[in-house]
Amino acid sequence: MLFEVRGISKRFGKITALEGVAFQVQPAEVLGLIGPNGAGKSTLFECLAGVLPCDSGEIPPRETLFYVPDGICPWPGQSVRWALDFTLGFLGGDPSLRAEVIEQMDLAPVLSQRIGTLSKGQRKRVLLAIGLLTRQPALLIDEPFEGLDLRQARDIASALRVHALRGRTLFLSIHQISDAARFCDRFVLLNHGRVRGEGTVAELASLAHLATDDLEEVFLALT
Amino acid sequence: MPLRELLVKELRELTVSRSWWMLLILMGPLTGFSFLGSFRTFAEVSAGQGEALSPLIGVWAPTFSACELAAVFLLPFIAIRLVGGDRESGALKLELQQSFGTPFMVGAKAVVLLAGWTVAMLPPLSAFLLWHGYGGSLYAPELGALIFGHILNAGLTIALAAAMASLAEHHSTAAILTLSVTVGTWVVNLLGWGRYTPAAMVAEFQHGLVLLDASVIALALIFLGLGIAAIWLRLGVPQKRRVFESFALTLAVAAGIFAASFLRPSWDLSEGRRNSFSEADERALQQIHGLTIEAHLAPEDPRRADLENRALSKLRRAMPDLRVRYIAASSTGLFEQASSGYGEIWYIAGWRKEMSRATTAEAVLESIYAVAQVQPPAESDDVYRGHPLTAQPNGAALLFYGLWPAAFLACGILVQRKLK
């Protein structure tokens, strides 16, 4: 086991965003965090990364994971090249991966471009590259395929798989169940801030008393 | 080295900031306007009287008022962008995952902002060279005090803007809050209530007077502002804890400020000793102990400000055990009547008393010597005569209105290209 999450709760005023969230993360697995909109997926990631305070619960140590948020546009006035170098220098990334990640994320044509001028998909690829360059054993990515077209999503999925095969744990928050089913080994199913199930598709299906390997069916049954 | 990376990053963020380049471009004309105006007035007075005001008061204080203006109305926007930009863009969520604490991050931003401010001070600093070229006199200690005062003032603005940028969700809110505080301190200063407002502090430095209490208090306020920014940029810490930490820090700094307000050392670095009595008078005053001055003057009475500025501020520095009491709490307002003794200034030494209504330094000294029965020192011929200069400011308009803006504009374009 790489780390264990225990009893994480988070409230925003009267709204309960997370309640007693607990699950385990194994080394080198691709774990999908799935759930409907508003289930608390991003909140859970932010709590795990320590960029949002949780009300209670145990979060993994800082050096265990790196979190790549969705929908941010970091350092908009700086070039992509600088952002990658800053990741290596300040965030302690692995320089030996630089060229490979640039190729995997197809960033060579935009290296000189400012991040603020990139399209949504290009920005997502820059964020993924930043995450992949870091050294923490687990990488938490919020919506890794958001803003990418089908071909890009497949290419990115292949690249992520390469990193997972090398021993990096990927914990991905994915709201598209079909994407999650295609890509992840195991799942944590979150609904209304609570974990409704954890395991492979078969284990979740068993939990839902269904005889199917269709994650969408299982998802609908459990949420 | 993460610290080096951080500093380079903040430097790059500053150099891609249009507001910083706008400040730099505007500093030339702002300085030019104030320098040329004060220069011409100084030259006219020099030609008319044969002797002139000190260059510090006649030229440098007004010239560097461009810095004060820029520090209040332009610098906050640059500081807010640099401190709040990371949070607004989401970069802070990435940066906070590094083991570096927010105090280092805020410290790096403050260092870079101060460096940026130093670059912005190049146009007014270049006026020294022009003045020297015209044959004007420069006295380094008083100019050092002036520059130090404006750097401290910029530090205060940066710290205030950093605190507001970390507390407010949006840049516009932070800007409004920052301007409210800075303009508010102006109002406080105008009402004569603020001994430690930035404007009052800058005014002392502009006169070549370095006060330890004001300097330490300014540094403490800078520490407070940056500390609050560091506390509120820690996104992963519960809000209640951040409120508690801010409160504790504010209390600690307030205690420090209270203690610092008792610090009396000061240094009059002006060439003409304009903040001090003559050395002979100071020696005579140091022989007098247990002097009390009771002034029957209301706070809003301009005579009270005169008395403070012309005499008491100098006296306090020469006589640390001097006691000053303002008796009149009432004003001479519409519905109030001043008492019969209103306007009297009593000088008390033991059982002897003297009364005067004059507020000039000479009259105050005369009363003190009389009540203390001390022989006034002989008048010295060694009086500061100033440095008159009747030159024409040739080339100054070209430098401030043309060359500086053009140079900054060209640098801006080159740097933007280089940073890609």
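## Domains of chain B

Chain B is divided into domain 1 (2-268 + 392-418) and domain 2 (279-372), with bounds that come from an automatic or database domain assignment. The C-alpha centres of domain 1 of chain B and domain 2 of chain B lie 36 Å apart.

This is a predicted model, in which local features need pLDDT of at least 70 and side-chain atom pairs count only at pLDDT 80 or more, while totals for chains, interfaces and linings use all residues. Residues are numbered from 1 along each chain as its sequence is written, and chains are lettered from A and ligands numbered from 1 in the order in which they are written.

## The side of chain A that touches chain B

In this model, 24 residues of chain A are in contact with 22 residues of chain B, two residues being in contact if their C-beta atoms, placed from the backbone, lie within 7 Å. On the chain A side, β5 (65-68) and α2 (80-89) each supply at least two residues, and the largest share, three residues, comes from α2(A). Helices (H or I, at least four residues) and strands (E, at least two) are DSSP runs, numbered from the N terminus.

## The surroundings of B:Met319

B:Met319 is found in the loop that runs between α15 (302-318) and β4 (323-326) of chain B. Because 19 C-beta neighbours lie inside 10 Å, B:Met319 counts as partly exposed, a class between buried (20 or more other C-beta atoms within 10 Å of the residue's own, placed from the backbone) and exposed (12 or fewer).

Leaving aside neighbours within four places in sequence, B:Met319 is in contact with B:Leu285, B:Ile288 and B:Leu291.
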